[in-house]
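Please look at the sequence and the 3D structure shown here, and keep both at hand while reading the report that follows.

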Amino acid sequence: MSSAVKRAMPPTTVAVTGGPKNVRGVVLKTPIPGPKGKAVVDLDTQYLMTSTKTAPVVAQSAKGVWVTDVDGNRILDFTSGVGVLGTGHCHPAVVEAVQNQAKELMHFAGTDFYYEIQARLAEKLAKLAPGKNPKKVFFTNSGTESVEAAVKMARWNTQRPLTLGLIGSFHGRSMGALTLTSSKPAQRRRFNAYTGGGVHIPAPTCYRCPYKLEYPSCDLYCAKILEELYFNTVLPPEDIAAFVAEPVIGEGGYVVPPKEYFQVMQRMLKPHGILHVSDEVQAGMGRTGKWWAIENFGVVPDMITTAKALGSGMPIGAMVFDAKLDYTYQGAHSNTYGGNAVGCAASLATFDVFEREHLLDNATKQGAYLTKRLKELQGKYDCIGDVRGLGLMVATDFVKDRTTREHAPKLRDEVEKQAYQRGLVLLGCGRSAIRFIPALIVKEPEIDEAVEIYEQAVGAALKATGAN
Ligand SMILES: Cc1ncc(COP(=O)(O)O)c(C=O)c1O
């Protein structure tokens, strides 16, 4: 494709409150990657460690849900940097806050000394956390570090060795969090992820129930088996410090538990003093239409872990906890960069944007619209076995057969490829799903454009894989 290929549909007009009105739409001037993109991919491949690269999309600049690559292609981003850019790429209010803070004070070791914006951000998080008990905050630089902080605090308080997780969840890759992470064997293989105290039970994955039961007649056997079997055999509850779970399982396939799941779990955990950590690194910060995804399930956890969308792209995370769990002496846990001044400024600006632009409401509204559009596709294509999610975290699960629900990972990978080649970037999740996790500023015309490209990608992938 050498000459400019403008997509047939009309350009999208996006009005970001407080920002300029921009006329946009996917524009492809070269294949993806183009020559400049290819050079960057080659350099990267030579010098960067092998990690989790998904698509050869090489960004030059970005705004809202749009990325311009180094070859001048304008690409629709429905990954938002793996759920980081809740306010969209380079929101002007966040950029301004970062620039101003960088001029004033970049870093002063917020765990050792004091500055007001760190305390202000902690106050904001403490007040937004669910439940009546007073809350406190520990700042981190990433999701995995927030989970580490929660696991350490749970162990310190209970003086118990184990943490209980759900099979198929993702909690990060540092050694403590990794003992809980279990969404793919590649994450654990060869690392000896077994000695860190993480133990697991099957997750409430209703679409492919591990016990082959049906909700609601299952009576939540996947939860109740903890008390019936595990507590009475391999997992004495007195040895478990905390239950660590994503309210909506992210990397593991956008699995939404039944609405009463966490209530049933808490009823079994609380009598034994087992703490509940809600890992909201992906599902939190408004993505499900509520500040915290656990609020959809009518329970109050003891700790919340967050990162990603908290800083709109600046690396900041936090662990928000019931104040009664705080350490009683100095030095038990700390770090160097946690609560970094620029990260805090970005985060406070992020909260302002969320409130000013009503992004929680937009997540609910656009999430419902996106789900409706994807369900229409499910009606047309048998290979889409399931459309599931909450708010603006929605996935389509590809199957070889609708009855057996056998995973179709090759088809999923091909759809992802066909989509980015058409200017729509997406990420997989679970064994055969593709997730839609756009910025929370996304508007209906952008969803329409994404779904239109997605449908073309599904059709092309079916042909390419011979699945149809
Ligand atoms: C639920 C959850 N917890 C923890 C993490 C780890 O976050 P990070 O990659 O910032 O360490 C992730 C990352 O995707 C996540 O989705």
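Helix H5 (residues 143-158) supplies the largest share of the shell around the ligand, namely three residues; helices here are DSSP runs of H or I with at least four residues, strands are runs of E with at least two, and both are numbered from the N terminus. The shell holds 15 residues around the ligand, and Ser142, Gly143, Thr144, Val281 and Gln282 come nearest, where a residue is near a molecule or strand if its C-beta atom, placed from the backbone, lies within 6 Å of it. By class, this shell has five nonpolar, seven polar and three charged residues; Ala, Val, Leu, Ile, Met, Phe, Trp, Tyr, Cys and Pro count as nonpolar, Asp, Glu, Lys and Arg as charged, and the others, Gly among them, as polar.

The model is a predicted one, in which local features need pLDDT of at least 70 and side-chain atom pairs count only at pLDDT 80 or more, while totals for chains, interfaces and linings use all residues. Residues are numbered from 1 along each chain as its sequence is written.

An open sheet of seven strands runs in the order S8-S14-S13-S12-S11-S9-S10, with mixed pairing, and two strands pair if DSSP finds at least two bridges between them. Strand S8 (135-140) and strand S10 (198-202) stand at the edges with a single partner strand each, so one side of each has no neighbour in the sheet. In this sheet, neighbouring strands are turned by 25° against each other on average, direction ignored; axes are lines fitted to C-alpha atoms, for helices over the stretch in contact, and angles run from 0 to 180 degrees between N-to-C directions.

Strand S12 (residues 275-279) is mostly covered, with five of its five residues buried. Leu275, Val277 and Asp279 point one way from S12, whereas His276 and Ser278 point the other way. The pairings of S12 are listed below together with one from the other sheet.

| Strands | Sense | Bridges |
|---|---|---|
| S11 (residues 240-245) and S12 | parallel | four bridges |
| S12 and S13 (residues 303-306) | parallel | three bridges |
| S18 and S19 (residues 433-436) | antiparallel | three bridges |

Within these pairings, Ser278 of S12 stands opposite Ala245 and also opposite Ile304 in S13.

The other open sheet has four strands in the order S15-S16-S19-S18, with antiparallel pairing. Strand S15 (384-390) and strand S18 (427-429) are at the edges, each with a single partner strand, so one side of each is left without a neighbour in the sheet. Helix H11 (residues 359-380) packs on this sheet, touching S15, strand S16 (393-398) and S19, and its direction makes about 175° with that of S15; contact between two residues means that their C-beta atoms, placed from the backbone, lie within 7 Å. Helix H12 (residues 409-421) lies across S16, S18 and S19, running at about 35° to S19.

Key: A residue is buried if 20 or more other C-beta atoms lie within 10 Å of its own, exposed if 12 or fewer, and partly exposed in between; C-beta atoms are placed from the backbone.
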